[in-house]
Amino acid sequence: MKTALTALLFVAGVGGGVWAQNQASPQAPANPYPELPLVAEPTASRDLAAVIQADDPRRLAQVADSDLLGALGPALQPLQDIFEVKFVGATERKGDILSAYVASGRDTSGQNFSVGLVFRVSGGKVVGVN
Amino acid sequence: MRRAIMNGLATALLGALLGYVVTGFGGPMLQEFPFFGSREAPEAHRYIIGMLQNEPETLAVLSPRADLVSRSLQFQQSKLAQGQWQPLSLTYLGGRTVGGLGIHMYAIEIRGAQGQEQFVPFALTLANGKIIRRE
């Protein structure tokens, strides 16, 4: 009983310390503009992100048209090998969804690097990137 | 009884100290774990606001030092863009810290001088307090 109470107090203390540090560290100032609500990850961009992460050129050629492929190349620069594409958030305006991902991998010199990708999803399809 | 309370307080205080120090030193590393996520960096926020409010000085401070002509061009472009569009909304989509790089993404609604509205994304890459990439 006594050991459990001590452990509980210790864990509560750690939680308090993390909260205090969080409050003390610099935070972004308030946004002076209105914000749109965040929405769930669209299926179309999730599928495309999965294909990019799988490094599957044949499948990518099937799911992305030439315009999208043309835009995707520069958006992924300087990544040569991609090992992770992670969804971070999305928002919608009049049926247009901007869905954001962070792609991590290696550049041509073998250095680890990450880039931000924002897919534009409209009518259930990815119609653009960045 | 009093001794038990003192021991309890000391235990909680020790935990708080540990939590504070570990989060302080390990904060950037912790953000690399998906569980902890990544919150908006103040520098990225200031940069995007500087862009929307046409403040070339803010952008210059938050960018790696460029040559004279590039900095001049930044001021010139800012002057040309004055009054060309008006921001309607700014939404932080999210971000992530990976290997010392902070990637932060935004969705911006703007209205042009002719009344046309656009919904555009921005991705900022932050390293050592400077925006090293803007897409």
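**Strands of chain A and the make-up of chain B**

Chain B contains 4 helices and 4 strands, where helices (H or I, at least four residues) and strands (E, at least two) are DSSP runs numbered from the N terminus. This is a predicted model, in which local features need pLDDT of at least 70, side-chain atom pairs count only at pLDDT 80 or more, and totals for chains, interfaces and linings use all residues. Residues are numbered from 1 along each chain as its sequence is written, with chains lettered from A and ligands numbered from 1 in the order in which they are written.

Along the sequence, the elements of chain B follow the order α-α-α-α-β-β-β-β. Of its 135 residues, 33% are buried, that is, 20 or more other C-beta atoms lie within 10 Å of the residue's own, with C-beta atoms placed from the backbone. Among contacts in chain B with a separation of 6 or more, 45% join residues 24 or more positions apart; a contact requires C-beta atoms, placed from the backbone, within 7 Å.

Turning to chain A, strand 2 (residues 96–107) has 9 of its 12 residues buried. Strand 2 of chain A pairs with strand 1 (residues 79–93) in the antiparallel sense over 12 bridges, pairing being assigned when DSSP finds at least two bridges between two strands. Here Ser104(A) is the bridge partner of Glu84(A). The two strands form a hairpin with 2 residues between them, and Lys94(A) in the turn has a positive phi of about 50°.

Strand 2 of chain A also runs antiparallel to strand 3 (residues 112–122), joined by 11 bridges, with Asp96(A) partnered by Ser122(A). Their hairpin has 4 residues between the strands, and Gly110(A) takes a positive phi near 90°.

Conventions:
Two residues are in contact if their C-beta atoms, placed from the backbone, lie within 7 Å.
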